[in-house]
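Take a look at the structure below before reading on. Keep it in view, and find each part as it is named.

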Amino acid sequence: MSVQTEINRIIAAVSAAHEKVSEKGGTTARPYLVENLEGAIDTIPIGVQLPTLANPGKASDALSGKEFIDGSGNKVTGTIATKAASNLTASGATVTVPAGYYASQAAKSVATATQATPSISVSSAGLITASATQSAGYVTAGTKSATNQLTTQGAQTITPGTADKTIASGRYLTGTQTIKGDLNLVAGNIKSGVSIFGVAGSMKPGESPRLIITAQNGSSITATNGTETVTGVVGSSGTLTLDLPAFGTWTVTATLSGTTTSKTIDVIYEFPADLSGSITFTVNGGHGETIRVYKDGVSAGTVALNAEGTGSIHLTGCSGKTIRFVGATSGYERSISAGSENQISVNVFPDGAIYWYGREFVDKTGGWVAKPNESYTATLTKQQNYMVMQSTASISSGLVGIGIANAMNLSKYKTMKIKVGNNPASTSTQNKFGITSKYDTSNWPNLWVASKTFGAAGEHSLSFSASTGFPLFQIWPTSTFSINSVVFE
Amino acid sequence: MNIYIDSDFKCHASNDGMMREVQTDFFDGKCQTFIEGYRFVPAGESWTREDGEVFTGEMVAPWKPYEELDAAQREYEHGQLADMKAALELLGVTVDG
């Protein structure tokens with residue numbers, strides 16, 4: 001063997017040794033020299049490299065006495081105790097299982113008891129009590145029941161008689177108890193001076209109840225006492241006699257052409273009931289005035305009008321009659337025909353007066369104020385019975401308003417009337433009157449609530465519907481004329 | 001504006017085919033509820049109220065209580081005003097009140 005061969009052999013062996021060092025986890029570097037081999041061998045780690053634990057265990061994770069190596073390389077001994085069924089304890093309904101390891105299923109029995117049977121009692125006040133005393137322990141599913149039969153009373157009908165009748169106490173009612181009543185138990189069926197079950201009699205011996213009703217020919221009559229009804233139709237004689245089944249309080253209604261009048265009558269004797277033409281008249285006129293009322297020329301009473309100029313009177317027997325209302329300076333007359341309504345409004349305003357709430361025109365400074373168009377003037381003159389308003393110039397257009405300090409309540413009225421006279425200079429139809437919502441000289445044409453045009457002398461009427469106040473009624477002349485009166489009806 | 005009157009002279013904002021058209025400026029700017037609470041009797045014609053009173057035209061008069069019509073008109077005008085304010089605000093104009 002040559003020297004070179006031997007050198008090559010030694011070089012190869014040193015390289016292999018260095019590479020073995022690297023393989024074993026040591027550190028080495030080229031050139032692979034003999035003198036570096038010892039140091040490289042020193043870098044080889046001693047022992048086995050354990051893997052890194054992501055969830056290391058601890059002593060409480062292992063059974064008592066078992067050993068293992070933790071993530072730090074330390075020996076750990078387990079602490080979990082081993083248990084068995086003998087370790088379980090029971091107290092009442094609770095079973096206690098101590099912590100530990102059970103190699104197999106563990107069970108513990110609890111005490112048992114028998115389900116109690118209830119007893120039932122009923123007190124004298126009807127209170128039913130069910131009670132049971134249960135001993136402690138586990139009770140298996142099941143039903144225990146008890147019964148207590150009450151004394152019963154079935155359905156029965158009791159008819160009052162001369163002696164008291166009773167239903168015994170302490171009984172459970174299994175059916176309806178009916179105490180008979182009788183529709184004939186009314187005062188009119190019992191002799192006067194006699195009382196039956198608290199109903200005092202009112203019948204006079206030898207009489208039967210009857211109504212003689214006066215009404216318009218053809219009127220349908222219905223009489224009822226709340227339980228019985230008797231009907232009939234008035235004939236050409238104008239009367240109808242109804243035989244009633246009993247005395248007492250009867251409501252009689254007469255109906256003709258959709259109009260109905262009713263009256264309640266306490267029938268003791270044969271009783272005439274005049275339902276023909278019963279009318280309530282509402283009278284509107286001068287405040288504080290007394291209106292005389294006549295029926296076919298015969299005095300039928302008076303109506304005292306209040307401070308607002310209203311009053312009322314109820315008259316019967318008006319059918320076919322002429323009713324006349326007479327005031328201080330004017331009157332109102334109306335003939336009542338068959339089928340007239342039973343409420344009529346009557347106006348008895350004195351001629352020529354301006355009325356507000358029934359008060360007469362008092363004074364332009366204290367009540368009425370003339371508000372002339374700014375371009376024209378107007379005079380307002382109160383005469384004894386009427387007001388005259390005249391423009392001082394011929395007006396082709398313009399507005400003269402008569403305003404008041406406070407708004408008028410027009411709820412009682414539905415018509416405004418003016419009387420125009422004294423030479424209206426033109427028959428222009430553009431003269432206008434009406435009521436407005438407020439006084440505004442720049443915006444009058446748009447504030448009319450209701451308006452009416454006119455072009456001749458005489459009376460002109462405007463219909464309206466309102467219930468609150470308007471501060472102004474206006475007359476808009478396009479010609480010169482006088483206003484004799486302004487009236488609200 | 002033009003409105004329509006029925007056989008009882010009651011006013012309507014639209015025609016049901018059986019009404020007459022009349023021209024009047026009384027209802028300019030008024031809402032439908034206001035218009036339909038009125039009667040309009042043209043000049044030369046007459047209307048008889050249920051109590052027998054006769055009224056000749058030209059007459060414009062409410063047949064519903066005026067308070068109801070006035071309340072409806074105010075509500076209508078408030079709505080118009082609110083719409084105008086909303087439109088102005090869309091244009092970036094701030095309106096006080």
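**Ground rules**

This is a predicted model, in which local features need pLDDT of at least 70, side-chain atom pairs count only at pLDDT 80 or more, and totals for chains, interfaces and linings use all residues. Residues are numbered from 1 along each chain as its sequence is written, chains are lettered from A and ligands numbered from 1 in the order in which they are written, and side-chain values use heavy atoms, with hydrogens and water left out.

**Confidence in chain A**

pLDDT is the predictor's confidence in each residue, from 0 to 100. For chain A the average is 75. A score of at least 70 is reached by 68% of its residues. In residues 351–407 of chain A, the pLDDT is below 50. That stretch still has 147 contacts in the model beyond near neighbours in sequence. Contact means heavy atoms within 4.5 Å. Residues 423–428 of chain A also have a pLDDT below 50. Here the model shows 13 contacts beyond near neighbours in sequence.

**Chain B at a glance**

Chain B has 97 residues, and 34% of them are buried. Buried means under 20% relative accessible area, exposed over 50%, and partly exposed in between (1.4 Å probe, protein chains only). The chain holds two helices and seven strands. Helices (H or I, at least four residues) and strands (E, at least two) are DSSP runs, numbered from the N terminus. Read from the N terminus, the order is β-β-β-α-β-β-β-β-α. Among contacts in chain B with a separation of 6 or more, 40% join residues 24 or more positions apart.

**The open sheet**

Which order do the three strands of the open sheet in chain B take? The order is 2-1-3, with antiparallel pairing. Two strands pair if DSSP finds at least two bridges between them. Strand 2 (11–12) and strand 3 (20–23) of chain B are the edge strands, each pairing on one side only.

Strand 1 (residues 2–5) of chain B pairs with strand 3 of chain B over four bridges. Within this pairing, B:Asn2 has B:Gln23 as its bridge partner. B:Tyr4 stands opposite B:Glu21. Strand 1 and strand 2 of chain B pair over two bridges. There, B:Ile5 stands opposite B:Cys11. These two strands of chain B form a hairpin with five residues between them. In the turn, B:Phe9 has a positive phi of about 70°.

Strands of a sheet pair through backbone hydrogen bonds, either parallel or antiparallel.

**Salt bridges**

A salt bridge is a side-chain nitrogen of Lys or Arg within 4 Å of a carboxyl oxygen of Asp or Glu. Over all chains the count is seven.

| A:Asp61 | A:Lys58 | 3.5 Å |

What does the pair B:Glu45 and B:Arg20 tie together? B:Glu45 lies in the loop between strand 4 (38–41) and strand 5 (46–48) of chain B, and B:Arg20 lies in strand 3 of chain B, so the pair ties together parts that are 25 residues apart in sequence. B:Glu45 is partly exposed, at 25% relative accessible area. B:Arg20 is partly exposed too, at 38%.

A:Asp61 is partly exposed at 46%, and A:Lys58 is partly exposed at 48%. A:Lys75 and A:Glu67 are both exposed.

**Where the chains meet**

The contact takes 20 residues from chain B and 20 residues from chain A. Together the chains bury about 1500 Å², 47% of it on carbon and sulfur atoms. Buried area is the accessible area (1.4 Å probe) that two parts lose on being put together, summed over both. On the chain B side, B:Arg49, B:Tyr66 and B:Glu67 lose the most area to chain A, together 30% of what that side buries. How many salt bridges are counted between chain B and chain A? The count is zero.

Is B:Pro62 buried or exposed? B:Pro62 counts as buried, at 3% relative accessibility. This residue is found in strand 7 (residues 59–62) of chain B. Not counting residues up to four places away in sequence, B:Pro62 touches residues of both chains, among them A:Val449, A:Phe464, B:Tyr38 and B:Leu69.
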